[in-house]
Amino acid sequence: MGARGKFIVLSWRENMNPELYILGSSSATPTRERHPSAQILKIESEKILIDCGEGTQSQMIKFGIRHTGINTICISHLHGDHYFGLIGLISTMSLMGRAQSLTLIGPPGLKQIIELQIEQGGMSLRFELIFIDTRMDTSEKIYESDVFEIKTFPLKHRIHCTGFVITEKKKERNLNIECAKEFNVPISAYKEIKLGANFTNENGQIIGNEILTFDPPAPKTFAYCSDTIFDPSIVEFIKDCTLLYHEATYMKNMEDRAELYFHSTAEQAAKIAKLANAGHLVIGHFSSRYEHLGPLLEEAKSVFSKTSLAIEGEKHNVKIHNN
Ligand SMILES: [Zn+2]
Ligand SMILES: [Zn+2]
């Protein structure tokens, strides 16, 4: 799935599927190899930062990811390992002359914290911060851009916590050029036809859209299940997602501890992926007690074979998996 080391930025243009970049994979405390939670989902020219643990901007520098294109940041909850990097990143964006507004989607309370840090630090931002509060009483579509939409759903953790489902917008239909030429369709009509219109030629003959176009690729969906106890009730929100990220803080032999702290095991993450019929699963948020992650991967794979580890510096192609 991924390639270790610096992300190959050039491939963004070559690959039109969304891509997930892992910047942080650790739970509450960092280790020598792992940082707290942070991921970037790249869809066309947009980058959505999902959680922003301490060290996120250092990881971006290390792996060659620029701020450009980050206009939306989703914060799952206000445990520090999911947002302590946020004010640092906002500060750097301002120092680098950012002018474009930045949308921050997260729990109520995030606005107060960030605004207090800005105020007490005497910072004067050159761009607007737009805060959108997540809700725990319902799943909802919370945001959309030209190329994607974001839905939230409640997770069972110790504090207000939501997951995110990010879906590509449906693309235009693909024109069958050979066919269009055969029916003498003028180039000026291509745009309408790609949007689904039929074509009527000068003799009044109607050529159906299904003859002139091919189906566009199916929209891909990425589901992010941040810190959560094992909770099959979330399956309805993430059903049939193309790529699922689910936390796997512990292994099965620590299931009691996982339940006590409202976390999941690798096996439980895999059970959720199986129930949801996910295309592929990435597990992360590993406890610092695990130096080697192979056993967590094996445990998850015994339930759901299409599983990978969240390894910092690796990217995952959000594509339809056929096997
Ligand atoms: Zn956490
Ligand atoms: Zn947490």
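Analyst: Let's start where a helix ends: just after H10, Asn 277 has a positive phi of about 55°. Helices (H or I, at least four residues) and strands (E, at least two) are DSSP runs, numbered from the N terminus. Please keep in mind that this is a predicted model, in which local features need pLDDT of at least 70, side-chain atom pairs count only at pLDDT 80 or more, and totals for chains, interfaces and linings use all residues. Residues are numbered from 1 along each chain as its sequence is written, while chains are lettered from A and ligands numbered from 1 in the order in which they are written.

H10 itself spans residues 266–276 and is mostly covered, with 8 of its 11 residues buried (20 or more other C-beta atoms within 10 Å of a residue's own, with C-beta atoms placed from the backbone). Those buried residues are Ala 266, Glu 267, Gln 268, Ala 269, Ala 270, Ile 272, Ala 273 and Ala 276. What do they pack against? Their neighbours are helices H8 (235–238) and H11 (294–301), along with strands E15 (243–247), E16 (281–284) and E17 (307–309).

H10 and H11 pack at an angle of about 35°, and their axes are 8 Å apart; axes here are lines fitted to C-alpha atoms over the stretch in contact, and angles run from 0 to 180 degrees between N-to-C directions. The crossing of H10 and H11 is right-handed, meaning that the near helix is turned clockwise from the far one by less than a right angle. On the H10 side, Ala 266, Glu 267, Ala 269 and Ala 270 meet Leu 296, Glu 299 and Ala 300 of H11 (contact: C-beta atoms, placed from the backbone, within 7 Å). By class, this contact has 5 nonpolar, no polar and 2 charged residues; Ala and Leu count as nonpolar and Glu as charged.

Now for the wider fold. The chain has 11 helices and 18 strands. Its radius of gyration, 22 Å, is close to the 20 Å that the globule rule gives for 323 residues, so the chain is as compact as a globular protein of that length; the radius is taken over C-alpha atoms, and the rule is 2.2 Å times the number of residues to the power 0.38. Buried residues make up 41% of the 323 residues. Among contacts with a separation of 6 or more, 65% are between residues 24 or more positions apart.

Terms used:
Buried ≥ 20, exposed ≤ 12 C-beta atoms within 10 Å, placed from the backbone. Contact = placed C-beta atoms within 7 Å.
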